[in-house]
Amino acid sequence: MIMTNKKMPFIVVTILFIFLFVCVFFYNDIGFESSSDLGFEGLTLILLTYIFLTTVNAFKKYPFLHAGACLLLFNKAYDLLTEFPQIEFYADHFEVIDTLLDDGSLFIAFLLIAVGITQMMQMLAKQTMKDELTNLYNRRKLSEIKLTEFDLIYFDLNDLKKVNDLKGHQVGDLMIIRFSQALRNACLKQEMAFRVGGDEFIVTTHKGRSSAFIKHIHEQLCNEQISFAYGIKTSTKDDLENALICSDKRMYNMKEEQKKEHPKKCSDSI
């Protein structure tokens, strides 16, 4: 029977506990100098082993952290092994190698873990700026717009609530994801797409390229049964707040006009 990932940490820890108990119980017969030192080193190794086995999948995403954890585990295993008189005898005769395996591996392990934690925090900080459903940027990233001068386009999908009510939220989510894909595909270098609400999106394009961008969206999704309204405002980073207010107002005005006109043209669908 294959050992499951959930059971493996407990099985390994149990085996280590049994091994440690036997060593401590017979420490005089084996020749250990101190049962307390043996117990402390053994319990430390068992704790680190449990932590490592329960977090190994998460560590794999961060190579430095994973390598540091493996090296720290090796270091503690070596500390425990050198409690055995026979191994300690050889370690004492090869002092340089013993120092490298003991103090050297511990230093490198802490160094790798420090680098890995820094890497992990940087990646987590980036993830907090991404929308979970669409993987577009969220509002937190608006302060880091890459273009100094740009066209800001404020999009709003029409009838998303009606789709959610009649067809379910899964269909509504697919609609949002599909529109997000279209926005991402239409972006050129340094242009950015954001999801800032349930059915609200913002795109910053190169100055003067907003019309071409919207045309590209229509071309991608011409035959799909989704419509949207938008507002455009040319702006700079320093005037971002005003651009958001202005483009949102223009988008709202377009939405009101669409409700009056009920357009059925393909160019008004996505």
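How far apart do the end C-alpha atoms of residues 104–125 lie, and what share of the span is helix or strand? They lie 32 Å apart, and the span is 100% helix and 0% strand.

A word on the basis. This is a predicted model: local features need pLDDT of at least 70, side-chain atom pairs count only at pLDDT 80 or more, and totals for chains, interfaces and linings use all residues. Residues are numbered from 1 along each chain as its sequence is written, and side-chain values use heavy atoms, with hydrogens and water left out.

Helices (H or I, at least four residues) and strands (E, at least two) are DSSP runs, numbered from the N terminus.

Now the record. UniProt, in an unreviewed entry, places "transmembrane region" at residues 9–27, 39–59 and 104–125. Such annotations may be inferred rather than shown by experiment; positions follow the numbering used here, and feature names are shortened. Residues 39–59 are also 100% helix and 0% strand, with end C-alpha atoms 28 Å apart.

Next, helix α6, residues 95–127. Its 33 residues should span 48 Å at 1.5 Å a residue; the end C-alpha atoms are 46 Å apart, which agrees. The expected span is 1.5 Å times one less than the number of residues. α6 bends by about 35 degrees at G104. That bend is the angle between axes fitted to the seven residues ending there and the seven starting there.

Which residues of α6 are buried? D98, S105, A109, L112, I113 and G116. Buried means under 20% relative accessible area, exposed over 50%, partly exposed in between (1.4 Å probe, protein chains only). These buried residues pack against α4 (63–81) and α5 (85–93), with contact meaning heavy atoms within 4.5 Å.

On to the sheet. It is open, with four strands in the order β2-β3-β1-β4 and antiparallel pairing. The edge strands, each pairing on one side only, are β2 (192–195) and β4 (228–236). Two strands pair if DSSP finds at least two bridges between them. Four bridges join β2 to β3 (residues 200–206). Within that pair, A193 stands opposite V203 in β3.

Most residues other than glycine have a negative phi. N135 is not a glycine, yet its phi is positive, about 65 degrees. N135 sits in the loop between α6 and β1 (149–157). N135 is partly exposed, at 47% relative accessible area. Q190 also has a positive phi, near 75 degrees, and is not glycine. Its place is the loop between α8 (169–186) and β2. Q190 is partly exposed too, at 39%.
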